[in-house]
Amino acid sequence: CAVVLAAIFLINLYPLQFIYSQDLNIRWKEAVAFLKKGLSGNDAIIVSSESELAPFLHYFGDKPGDSLKHYDVSRYCRTQNNSCLYVFPENSHWVTGIPQDQGGGESLVWQTVNSRLEAMENHEPKVIWLLASRWTALALESRLISLLSQRYKLALNSGAAGVNMYKFELLPGREGVNLQ
């Protein structure tokens, strides 16, 4: 029995090593460095899922961790005057997170997505970056891409450090057109 257990343990060492070092490990420091190379002006950034805003913000600030000083990790928002901002400025860019369906229903998720995109539109971003990690449901990622493609041209589709990155540039003549 001990020999069989030892054999099973040894056989699983490599796959576990691979899973935790490659597949499941999202390296936000590297992902943010990649993103920063492509940012310009007042680009907007959507992080999916919103639970990953904390590690994203940790590396996105000028000093790692500074961006978390006024960030509520339990509600995934920036706090200001006892209010919760779900779309907020960070280093001259607008940032928001997209929730996952945690039993609240797909319609609640899309209602939230639409309200956050509307808030971003009020700031007229010419470029929107969508960052989707492995925690983002494939259906949600696909639908976000489709939704953004109504008004924006997909200019970059890349992966960096375990995060799928999409850069959308505003299509000429599409200013002020609502996403539905």
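User: Which way does α4 pass α5, in a left-handed or a right-handed crossing?

Analyst: Look at how the near helix is turned from the far one: anticlockwise by less than a right angle is left-handed, clockwise is right-handed. Here α4 passes α5 in a right-handed crossing. By the way, this is a predicted model, where local features need pLDDT of at least 70 and side-chain atom pairs pLDDT 80 or more, while totals for chains, interfaces and linings use all residues. Residues are numbered from 1 along each chain as its sequence is written, and side-chain values use heavy atoms, with hydrogens and water left out.

User: At what angle do helix α4 and helix α5 pack, and how far apart are their axes?

Analyst: A packed pair of helices is described by the angle between the axes and the distance between them. For α4 (residues 106-121) and α5 (residues 138-148), that's about 40° and 13 Å. The axes are lines fitted to C-alpha atoms, for helices over the stretch in contact, and angles run from 0 to 180 degrees between N-to-C directions. On the α4 side, Glu106, Val109, Trp110, Val113, Asn114 and Leu117 make the contact (heavy atoms within 4.5 Å). α5 brings Leu140, Arg143, Leu144, Leu147 and Leu148 to it. Sort the contact of α4 with α5 by class and you get eight nonpolar, one polar and two charged residues.

User: What is the order of the strands in the open sheet?

Analyst: Strands of a sheet pair through backbone hydrogen bonds, parallel or antiparallel. This open sheet has six strands in the order β5-β6-β1-β7-β9-β8, with mixed pairing. The edges are β5 (87-90) and β8 (152-160); each has a single partner strand, so one side of each lacks a neighbour in the sheet. On average, neighbouring strands here are turned by 25° against each other, direction ignored. As for β8, eight bridges join it to β9 (residues 163-170) in an antiparallel run, with Ala160 opposite Val163 in β9. Two strands count as paired if DSSP finds at least two bridges between them.

User: Which strands does helix α2 lie across?

Analyst: α2 (residues 28-38) lies across β1 (44-48), β7 (127-133), β8 and β9, at about 20° to β9.

User: Where do the hairpins have a positive phi?

Analyst: Start with β2 (residues 71-72) and β3 (residues 77-80), antiparallel strands joined by two bridges. Tyr71 faces Arg78 in β3, and of the four residues between the strands, Tyr76 takes a positive phi near 55°. Next, β3 pairs antiparallel with β4 (residues 83-85) over three bridges, and Gln80 stands opposite Ser83. Two residues lie between β3 and β4, and Asn81 in that turn has a positive phi of about 50°.

Terms used
Nonpolar A, V, L, I, M, F, W, Y, C, P; charged D, E, K, R; others polar.
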